[in-house]
Amino acid sequence: GQIVGGHEAQPHSHPYMAYLETDEFYCGGFLVAPDWVMTAAHCMGNITVILGAHKVLESETTQQVLEVLRYYPHPDYDPNTMSNDIMLLKARRSCGRRWYVKTIPLPKTSNDLCTGTKCSVAGWGMIDDDQAPNRLFETKVSIYSRKKCTYFYPHLHAGMICAGSFHELSDSSKGDSGGPLVCNNVAQGIVSFGCSRLPGVYTRVANYLFWIKRTMRE
């Protein structure tokens, strides 16, 4: 997914953002503990994690590169329906936390977000003409009601949530997969999938708190 209708983010204003690079594609992700990164299960590949990036294609002094020690895709992830599209990456070492590399909190309860809640999405996805931006972009979105979202996506799963702009095309698409949907400074969703001109679908992090805690204890 890409940031459509967005603008360049203030450098390092999203210090939890991770750029996940593989041989074939890239995704977004976010730091949830000094040695754990969360992303989408469909981003599975031979991943290298880059933290502290803004102009990701340049070698910035703020960047930290982490190798992935273990991959934990959700055991019930289904690539056909995109249900349970969540994965945890255990890094080989802890990151060095600075003002430009920080963790982001996860939800404390499994409650649904209220319709209309204002959130933001950031990523390095394509903007137009398949040109990947070198810099981190961001956009504002609002949460859709489950009823309205099911109208667009009849197979909506309990572990999914919809968000988009009611006024303009403002959403995430290719390249931003795995990045966080941030509402009130909490990572409430993971960029999963969507169709142009429709709200984007995000993995609802609050639905997976038990699995997340259990996995990170291992």
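This is a predicted model: local features need pLDDT of at least 70, side-chain atom pairs count only at pLDDT 80 or more; totals for chains, interfaces and linings use all residues.

**Notes on the model**

1. Trp 99 is exposed, with a relative accessible area of 55%. The terms used here are buried for under 20% relative accessible area, exposed for over 50%, and partly exposed in between, with a 1.4 Å probe and protein chains only.

2. Residues are numbered from 1 along each chain as its sequence is written, and side-chain values use heavy atoms, with hydrogens and water left out.

3. There are seven aromatic pairs in the structure. Rings of Phe, Tyr and Trp (its six-membered ring) pair if their centres lie within 6.5 Å; planes under 30 degrees apart are stacked, over 60 edge-to-face, and the rest tilted. Trp 36 and Tyr 72 make a tilted pair, because their planes stand at 40°, with the centres 5.6 Å apart. Trp 36 belongs to strand E4 (residues 36-39) and Tyr 72 to strand E6 (residues 64-73), so this pair ties together parts 36 residues apart in sequence. Strands here are DSSP runs (E, at least two residues), numbered from the N terminus. Both Trp 36 and Tyr 72 are buried. Trp 99 and Tyr 100, by comparison, pair edge-to-face, at 5.2 Å between centres and 85° between planes.

4. Ring pairs also link Tyr 19, Tyr 26 and Trp 124 into a cluster.

5. Please look at Ser 83, in the loop between E6 and strand E7 (87-91). Ser 83 is buried, with a relative accessible area of 9%. Its side chain joins that of Thr 81 through a polar contact of 2.9 Å (N or O atoms within 3.5 Å, one able to donate a hydrogen and the other to accept it; residues adjacent in sequence count only if both atoms are side-chain atoms). Leaving out residues up to four places away in sequence, Ser 83 touches Asp 76, Tyr 77, Asp 78, His 157 and Met 160, where contact means heavy atoms within 4.5 Å.

6. Strand E12 (residues 186-193) has seven of its eight residues buried. E12 pairs antiparallel with strand E11 (residues 180-183) over four bridges; pairing requires at least two DSSP bridges. Val 182 has Ala 187 in E12 as its bridge partner. Four bridges also join E12 to strand E13 (residues 200-204), again antiparallel, and Phe 193 is partnered by Val 201 in E13.
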